[in-house]
Amino acid sequence: MVPDLLNTLNRRPRRTGLLRKFERTAGDEVQGVMAEARATIDVIVQLIRADRWYVGLGIGEVDEPLPRSTRAGSGAAFVNAREAVNRAKASPHHINVIGTDEHHAEQVESVLWLMASVLRRRSERGWAVADLLAEGLSRREIGVKLGISQSAVTQRAQAAGVVEEQRGRALAAELLGSGAAA
């Protein structure tokens, strides 16, 4: 599963905010270096959706200059990420966040747990509507594409927690801020 995950996470065109591509670090673990909070949250949502990965997010400084390989990186973000992935294995939502500021890391983690709770209950029909909304289609266009009424699209979006996900993404990205993450 790791090669497929790496292909997905590193897919071209280049993922926005990716400073160093995701690489296998050990066994079934992968690690990448992100600079943009929204891009980091996008990756985490993608991993939550797959529902088969433990997610450890390390917040902190990275030693510069960054080496060419993610595996050769060093700094607090890398140390924190290693510990976070280990702790994620015992976490209720398989997500753990560690940063120098423990309170801040806990806030980010709390939002991610709430998002995971919503996303893991989403049905395939809910994902279909959420994906099309994310592409920018209107509810009417989605209804035509899925062969359902506009009202049914709205109902599926509500049941899927689309608004909750959007707000969760925005809050998590705001909390995460502009700090580098590994």
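## A hairpin to start with

Let's begin with a pair: Arg 20 sits opposite Val 33 of strand 2. This is a predicted model, where local features need pLDDT of at least 70 and side-chain atom pairs count only at pLDDT 80 or more, while totals for chains, interfaces and linings use all residues. Residues are numbered from 1 along each chain as its sequence is written, and side-chain values use heavy atoms, leaving out hydrogens and water.

Strands 1 and 2 run antiparallel, joined by five bridges (strands pair if DSSP finds at least two bridges between them). Strands here are DSSP runs of E with at least two residues, and helices are runs of H or I with at least four, numbered from the N terminus. The hairpin these two strands form has two residues between them, and Gly 27 there has a positive phi near 55 degrees.

## Glu 29

Strand 2 covers residues 29-34, and Glu 29 is part of it. Is Glu 29 buried or exposed? Glu 29 counts as buried because its relative accessibility is 15% (buried is under 20% relative accessible area, exposed over 50%, partly exposed in between, with a 1.4 Å probe and protein chains only). Skipping neighbours within four places in sequence, Glu 29 is in contact (heavy atoms within 4.5 Å) with Glu 23, Arg 24, Arg 82, Val 85 and Lys 89.

## The nonpolar cores

A nonpolar core is a set of buried Ala, Val, Leu, Ile, Met, Phe, Trp, Tyr and Cys residues joined through side-chain atoms within 4.5 Å. The largest one has 32 residues, and among those touching the most other members are Phe 22, Ile 41 and Leu 57. Helix 2 gives the most to this core: eight residues. There's also a second, separate core of eight residues, including Val 129 and Leu 132.
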